[in-house]
Amino acid sequence: MNAWLRQLTWRIPEDLSSPADVARYELNRALPGVSISLNQDDNLGDGYSVQRVSSGWQISGGKNGLLYGAYALILKALSGEAVPDDFASAPYYPLRMINCWDNMDGTIERGYSGRSLFFENGCFDYDPARMRELARLLASCGLNVLCINNVNVHEPAQRLLEDLLPEAAALAAIFRPFGIRLMFSVDFSRPLKHGVPTADPFDPAVRAWWRDTAARVYSAIPDLAGFLVKADSEGRPGPFSYGRNHADGANMLAEAVKPFGGWIVWRCFVYNCRQDWRDTKTDRPKAAWEHYAFLDGQFSDNVILQVKYGPFDFQVREPLSPLLLGMNHTNLAMELQLAQEYTGHQIDLFTMIPMWRELFSDLPANRIMSLAAVSNLGRDDNYTGHPLAAVNLYTYGLLAWDPSVDAEKAVTEWARLTYGFAAADEKKLTGLLLSSRRIYEKYTAPLGLCWMVNPHDHYGPNPSGYEYDLWGTYHKADRNAVGIDRTSAGTGYLDQYPPEFRQKYEDPETCPDLYLLFFHRLPYSFRMKDGRTMIQRIYDDHFEGYAETQSLAETLSALPFPEPDRAVILRRAEMQLHDAKEWCDIVNTFFHRLSGVEDAHGRTIYP
Ligand code: GCU
């Protein structure tokens, strides 16, 4: 089942060798009998223009642009809408990346859609026809870089650069005609395994090892997008071991791939993951800025710093990372997470584009030069585990192509292509998808607090689960108050922001409600803008979130989903309802026990 492309029922033959070949083939099958001419114009790059001509259609585009133009025409035709006579488009970001966290043992870190797409038992293991189907799926929504292995590089994935390279090259060849370039996550310490006594980026032998490695890798895969690096983060090796900073480390690798046009995508998820909860000086959200801001301007021009959208870790609601607002002289990518690690494991419904739109409304134009997202894909038949989670992949593609894309329009387009419901049902489905993030937020951690999930697997409620842990993620709820003061009077995190952001968040009286407890420590009696006390708002949100989940489940069961989607959707809706009740009751009881404050409406809060 090919998600939103389920109308493309034909298999793609293996002998198509260029984007133009794929474009021609797909057009012939999707629009039989319609004459289409392709006109390659390399000035258009990934962009295209499509015109109706007397004999049919003409598509102009760069090498890959022809394919994007073809899919745009096919999708418009299949959506049942009138196809305009003339349309054109070009992507905003040159690199539109998907980061798969697939391990070579066949598991996926934070994967909720089955086994790895590419690996099993330490080996490559895939059906090439299925890979072409996946490539079609990614290209049809404009994505063009696929990192195939986990950023935590576990054995034997290091060998992708070594004896597994020919097999990696064979996979790259499958994706190439779809305009998709592979990328590999690499292990910074790898030279140590090859007789080099150090991985110090300043050591000439280390530099030579990486240069030789890059030359070998690029001779097998000349269009490899580059290397993705998680260094000095959660136990991964990195330049800190040698007293070097991250510009030293990244630039050394950049020098190695530069002759081949490669990128080093260097992740900024660096923080102290062995914090003592008694330590009140360290505040984890400050970490990325402290490690990188002073290095602005020192990175090579083929390095991209990949920064998670918020300063913590893919929580339901975080303010935009201050690093994305600083660093004016460095290439930056924003990292999103399609995998629903903290957002319901692809059991609970959570459509992300409303959240992305909020992030982009805070991000000045031209701040970032590319976009990356952790994949939500796996070997499940429907690719995303929950059939409705595919909306996040599709709309991510649209966002990376055009960051000003309208959320409602994008979700409607996905729903129309995927299910083709009658207007009233389509409206119900898109309404429900668009409200799903807010519903999830209501029944989970309140008002920007974050981190009330079960430690490690990150599903289900556990309000104190992270309180006495090593990860630097504390809310410190006591009988009077909850939250961390991150203003200048507190940890000073807010000082990392430009003035307009400081102004927006620093006064609890004016700070937007949904960020209140991210930035402030406040008593339960604090008056919200609408006059309710904060504790009452917490109770209300949780009861509302659960009630809205009940109606969400009812709406889903009334919609005419085809099988096998229907069975999966209804089963997961049942699980979501069960979990929303757990969340609602546990979080309300947690705060009630601490505060002793009764619900103003006398609803059941368990003792
Ligand atoms: C989170 C996630 C890890 C992952 C890490 C990362 O902490 O839980 O599994 O490795 O992010 O982004 O590197």
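The model is predicted, so to speak of local features a pLDDT of at least 70 is required and side-chain atom pairs count only at pLDDT 80 or more, while totals for chains, interfaces and linings use all residues. Residues are numbered from 1 along each chain as its sequence is written, and side-chain values use heavy atoms, with hydrogens and water left out.

**Aromatic contacts**

Begin by selecting Tyr342 and Trp451, an edge-to-face pair with 5.1 Å from centre to centre and 80 degrees between the planes. Rings of Phe, Tyr and Trp (its six-membered ring) pair if their centres lie within 6.5 Å, and planes under 30 degrees apart count as stacked, over 60 as edge-to-face and the rest as tilted; the count by this rule is 37 aromatic pairs. Both Tyr342 and Trp451 are buried, a term that stands for under 20% relative accessible area (1.4 Å probe, protein chains only).

Next select Tyr419 and Phe421, whose ring centres are 5.4 Å apart with planes at 15 degrees, so this pair is stacked. Tyr419 is buried at a relative accessible area of 11%, and Phe421 is buried at 12%.

Then widen the selection to the aromatic cluster that holds Tyr342 and Trp451, whose members include Phe312, Tyr466, Tyr493 and Phe519.

**Pockets**

A pocket here is an open set of points on a 1 Å grid over the protein atoms alone, where a 1.4 Å probe fits, with protein on both sides within 12 Å along at least five of seven lines; lining residues have an atom within 4 Å of a point.

Select Tyr48, Lys76, Tyr394, Leu398 and Glu413, which are the closest to the centre of the largest pocket among its 28 lining residues. Domain 1 (3–89) and domain 2 (95–405) both contribute to this lining, so the largest pocket lies between them; the domain bounds come from an automatic or database domain assignment.

Finish at the second largest pocket by selecting Glu109, Arg110, Glu234, His458 and Trp471, the nearest to its centre of 23 lining residues. Domain 2 (95–405) and domain 3 (446–484 + 521–595) each supply at least three residues of that lining.

Conventions
Buried < 20%, exposed > 50% of the residue type's maximum accessible area, 1.4 Å probe, protein only.
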